[in-house]
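Open the model in your viewer and keep the sequence panel beside it. The stops below are given in the order in which to select them.

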Amino acid sequence: MSQSYSGLTTQEVEASRQKHGVNILTPKEKVPLWKQYLEKFQDPLIIILLVAGALSICISLYEYIGLKEGAAVFFEPVGIFLAILLATGLGFIFELKANKEFLLLNQVNDDEPIQVIRNGSPCAVPKKDIVVGDILILSTGEEIPADAELLEAVTLSVDESTLTGEPICQKFVDPKLFDPEATFPSNHVMRGTKIMEGHGIARVFAVGDQTENGKVFVAAQIDDSVKTPLNEQLDSLGALITKASYGFAALIIVGRLIMFFLSEPFVLVNFIAYLLQIVMIAVTLIVVAVPEGLPMAVTLSLAYSMRRMLLSNNLVRKMHACETMGAVTVICTDKTGTLTQNRMTVEEASFYGFSGQFETDAGLSIAQGIACNSTAELDFKKTPPEGIGNPTECALLAWLNTKGVDYRSVRQSVKVVEELPFNTMRKYMATIIQRPSGQKFIYVKGAPEILLNLSAKISGDVDPEKIKTELLGYQNKAMRTLAFACQELGPNDVAIADNKVVAKDLTFLGLVAITDPIRTDVPAAVKKCFDAGIKVKIVTGDTIGTAKEIGRQIGFDYGEHPENQIITGPEFAALTDDELKAKVTDLKIIARARPLDKERLVRALQANNEVVAVTGDGTNDAPALNAAHVGLSMGDGTSVAKEASDITIIDNSFASIGRAVMWGRSLYKNIQRFILFQMTVNVAACFTVLAGAFMGTESPLTVTQMLWVNLIMDTFAAMALASLPPSEDVMRDAPRSRTSFIIDPVMSKTIISVGVIFFAFLIGLVWFFEHTEINSVADIFKATIGPANKLSPYELSLFFTTFVMLQFWNMFNARAYQTGHSGFDLKGCSGFMLIAGIILIGQILIVSLFPQFFNIVPLHAADWFAIICGTSVVLWIGEILRTIKRTQTKNAAHA
């Protein structure tokens, strides 16, 4: 400290706290658990189920009160509401569990001790107790607890990437050194940023929500949620189911009324009774048409994916984000830590006249020039050693360490005589040391162009033009370059004067190229995204040159007109909304981006009907994370960024984002497979009820049997299809349109054709059973057609089991849908086979042990064998059709 500070008194601290508040970011108001649960009832399929449940209650009340039937008539509405409770409850529980895991990951320590001066003495107080007017003592490695104005600054560098995206900002108290283009004044330090080098003293002028960090935190809490593609498509599916069921119901009412007027004289009492019966049949059909298992299927699929995605380093907080990742068309990513390793590394070192042996004079000068002319440290408790201080200097020390040189021993062997700190005006720093022998040396480190001009000679007599060519090569690769020079000083030599190096005989030792290396798995992950039709855009605070080179390294192809694909933050801000909308599709990189540029980019892409995922780790990213369809925060990001996101990428890797896309697309396919499976069941059931209404035949499927199929069997089918492993094949497809219907044309054709075939077969089976007397499977082959009779309990048992087994084998066809593989290719499908086995055993058990609940009788082993083998023709026909399609595809490819 260059002067003494008394700081605030205890009374002034209390007065300041009363006036300006506490140093805590006001957390987002928590939604009560009951409200979180009720939000699940906004799902379009749940709404349809609620309507169906209400109609079912009306039917049951009529049957119980009007027809004097038993309490068993309430089994159906109870089953429907049980399905609702299971679907909403499971989704609620899984999201609650994920949020608990997230809170553990995102804990903020407001009790961390902070060094301040109060009552004339230094002391430590909890971070939350900092007030406006406090005098902060700032040291290397500390996080700044509040917005403050610098009173003193010694070689002070601050990492502002969490707030502005800019990794290193030099801070000064001398107005002459201020950077006019800096996002925040050069004499201000901001809450949440970190001191990388140097130390200082600062006076707090804003705390808590009034800090810049706090303002962004508040902005990120604005409810700006966008509807997910899956919700939009389930809305459309819900509308289709509603229209179709109402259409079927209207057909029944109109058809039966026509039949009444054509067959009977009009009597009001008879007409009212007949009309009421028709309405009950119509309502029954509406209930049958609703796929009660579908909400459960979607919930189970999302929940399963949510848990499995955690194993691939994706902590999903919001369940629908699992699937939305599969619909993403654009990923906006930052650079540092996501595409790169966030670890500055010496990529190449060129020291001239140096043999590689640090025991030589040249080697000693290089080692001392790096170790002594530095304020950084390495923490050797970590593996590999972690840098403390300026990242560039840490990279140099780490390079020395890899060469077997302990920088600590080098430092301890000399005495530091004088230091000249780095600043942006000089672009170099210098240190004078004295060796044990008494010799004095000055070591200079800085911009190569500057040091070449300061140096009188070059080690190894290297041609300066060669150095300039080498330097240009490094710069073209967007590497950060540093040069080194030294001079032995005589007794009367003056090396530093007027805050600059004045030594006349400096020797240029060489230079190093430093870079933040690309993560090894990123280029392949980006290529996967490109192959999947997903555009990747980089938003970074780095220079155009660095950003362009990083883009090249990860696989960007700029073509002949790169100028149309790269833009700076100021240029981006100058675009009108219309200009941006026209240009945003072609943009690949925004360099020198400012805090709100990413959010504006997201909104512009959404205006072009893109589904946008955004990565971010800084507080400044929170508004964009909140605005995107899927916000992806980094595991080591700020608490504000993680709070605004939907998914946290625990390992910070872009490759994990690619895996999340694969999971999302595979999940969507699994949901489609279940819809294909269940809607086929419902089409067959609806046509059966409709035909029965016109034929005057009571439906051979009872309410309890349909509930077994729709709730229990279909729930297990949902689990089976949800457990299918993700497929890399989906990453070769283009992103689906967010406006496309979840039931595609191929599915529609399959659902209708297979459903009608099942219906025709089932109605034929009913007619056959009505006109024959079947007491064993063998009777089927020797039966004779006679007059119509009611179906016997045994025949009903055969019919019900045949109906279920048709759906059972069709589940295997649904599993193979759009895989391009055989239905018998069950590699990696152990979960599917286990659950399929449970469904089969469950059907056998309910028929054998609980026949009275389903108005059936137990079947013999021969019956089971005949039904299982006979209905398996569904799978065999599906397999023949898939084989023909695969053969046609191969022939077309060869042609």
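**Stop 1**

Select K468, which is partly exposed at a relative accessible area of 45%; partly exposed lies between buried (under 20%) and exposed (over 50%), with a 1.4 Å probe and protein chains only. The model is predicted: local features need pLDDT of at least 70 and side-chain atom pairs pLDDT 80 or more, while totals for chains, interfaces and linings use all residues. Residues are numbered from 1 along each chain as its sequence is written, and side-chain values use heavy atoms, leaving out hydrogens and water.

A salt bridge here is a side-chain nitrogen of Lys or Arg within 4 Å of a carboxyl oxygen of Asp or Glu. E465 is partly exposed too, at 47%. Helices (H or I, at least four residues) and strands (E, at least two) are DSSP runs, numbered from the N terminus.

**Stop 2: a pair across the sequence**

The structure holds 20 salt bridges. Select K457 and D505 for another of them, at 3.0 Å, N to O. K457 lies in strand β16 (residues 457-458) and D505 in the loop between β19 (500-501) and β20 (507-515), so the pair ties together parts that are 48 residues apart in sequence. K457 has 38% relative accessibility and D505 has 37%.

**Stop 3: helix α28**

Move to residues 873-894, helix α28, and pick I877. I877 is partly exposed at 47% and belongs to a nonpolar surface patch of about 700 Å², together with F824, V873, W876, I880, L881 and I884. Such a patch joins nonpolar side chains (Val, Leu, Ile, Met, Phe, Trp, Tyr) within 5 Å, from residues with over 30% relative accessible area and no salt bridge; areas come from the Shrake-Rupley method with a 1.4 Å probe.

Now select L875, also in α28. L875 is buried at 4%, and its C-alpha is separated by 9.0 Å from that of L806, 69 residues apart along the chain.

**Stop 4: two cysteines**

How many disulfides does a search of the whole structure find? The count is 0, a disulfide being a pair of cysteine sulfur atoms within 2.5 Å. For C372, the nearest cysteine sulfur is that of C486, 12 Å away. Both are buried: C372 at 5% and C486 at 8%.

Conventions. Patch = residues over 30% accessible without salt bridge, like charges linked within 9 Å, V, L, I, M, F, W, Y side chains within 5 Å.
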